Amino acid sequence: MKEYYNNLKPLHLFIFGTVFMLLARTAKENLGFEMGCLFAALFLYILALVKYIKK
């Protein structure tokens with residue numbers, strides 16, 4: 001898993017975060033799913049930012 005993370009570029013993490021953000025927008029009445037997707041997107045955006053700064 002660590003090798004997979006090391007091979008990811010910040011752009012990949014940003015794209016994955018955007019996908020989770022779009023999934024959260026499709027959740028109509030499911031608050032748990034929406035919040036889970038938003039937290040996943042936030043986590044991926046923070047990982048992308050940290051990876052970009054470390055570069």
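Mentor: Buried means under 20% relative accessible area, exposed over 50%, and partly exposed in between (1.4 Å probe, protein chains only). This is a predicted model, where local features need pLDDT of at least 70, side-chain atom pairs count only at pLDDT 80 or more, and totals for chains, interfaces and linings use all residues. Residues are numbered from 1 along each chain as its sequence is written, and side-chain values use heavy atoms, with hydrogens and water left out.

Trainee: Is F14 buried, exposed or partly exposed?

Mentor: The relative accessibility of F14 is 44%. Between under 20% for buried and over 50% for exposed lies the middle class. F14 is therefore partly exposed.

Trainee: How do the rings of F14 and Y45 pair: stacked, edge-to-face or tilted?

Mentor: Rings of Phe, Tyr and Trp (its six-membered ring) pair if their centres lie within 6.5 Å; planes under 30 degrees apart are stacked, over 60 edge-to-face, the rest tilted. A search of the whole structure finds one aromatic pair. The ring centres of F14 and Y45 are 5.2 Å apart and the planes stand at 35°, so the pair is tilted.

Trainee: Which helices hold F14 and Y45?

Mentor: Helices are DSSP runs (H or I, at least four residues), numbered from the N terminus. The two residues are 31 apart, and the pair links distant parts of the chain. F14 is in helix α2 and Y45 in helix α3 (residues 31-54).

Trainee: With which residues is K51 in contact, leaving aside neighbours within four places in sequence?

Mentor: K51 is found in helix α3. Contact means heavy atoms within 4.5 Å. The partners of K51 are Y5, N6, L8, P10 and L13.
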